Amino acid sequence: MGLTALCPGTFDPVTNGHIDIIERAARRFDALVVGVLDNPAKEPLFEAEERVGLLKQALDPLANVEVEAFSGLLVEYVTRRGADVVLKGLRAVTDFEYEIQMAQMNHQLAGVETLFMTASPQWSFLSDKQDNFAWALFANMGYDLTDALRVDASLRYDHDKRRNT
């Protein structure tokens, strides 16, 4: 059995930046588990199972990638899945400042190693929260959203707009 990486995140919403990191990682590891964090306290735009479905649809051609929801501590999930490393995508230095603290804590708690992969330049400037804000203003901003998510966002926005008028 080869090297297994676990790529955790909220993926709310799923962006082309996420897909880019996952596709590139899938070429470098024998197996890649994409763990979609189910944390209702974050008040996600999409439920965990919706995010899992969108990721599965976008990543369908990648035979060595598995997508599932998880909750609780990342180190417990890594251990349960038997992953060798955690893989985190970074857009900018501000991501690194946060992620290195989490990586060091996970290493101290359970010996979990974390690897970082930088975002491709065309996807590095937008965050999930910025896309959520854009949706609140425009249904079809979608410049960093997957095609499936853009359609879902548009339908969701139209439904909410009709409901609130």
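Let's begin at a pair of neighbouring strands: E4 and strand E5 (residues 114-118) run parallel and are joined by 5 bridges. Within this pairing, Leu90 stands opposite Thr118 in E5. Keep in mind as you look around that this is a predicted model.

How enclosed is E4 by the rest of the structure? Largely so, because 5 of its 6 residues are buried.

From here we can turn to the interior. In soluble globular proteins, nonpolar side chains tend to be buried together. In this model, the largest nonpolar core has 22 residues, and Ile22, Leu32, Val34 and Leu55 are the ones that touch the most other members. At least two residues of this core come from each of strand E1 (4-9), helix H1 (16-26), strand E2 (31-37), helix H2 (48-59), strand E3 (65-70) and strand E4 (85-90). H1 gives the most, with 5 residues.

Setting aside neighbours within four places in sequence, Leu32 is in contact with Ala5, Leu6 and Cys7, with Ile22, Ala25 and Ala26, and with Asn64, Val65 and Glu66. Finally, look for a second, separate core: this one has 11 residues, among them Leu37, Leu74, Val78 and Val112.

Note on methods
Residues numbered from 1 in each chain as written. Predicted model: local features only at pLDDT ≥ 70, side-chain atom pairs only at ≥ 80, totals over all residues. Heavy atoms only, no water. Core = buried A, V, L, I, M, F, W, Y, C linked by side-chain atoms within 4.5 Å. Buried < 20%, exposed > 50% of the residue type's maximum accessible area, 1.4 Å probe, protein only. Helix = DSSP H or I, 4+ residues; strand = E, 2+ residues; numbered from the N terminus. Contact = heavy atoms within 4.5 Å. Pairing = 2+ DSSP bridges.
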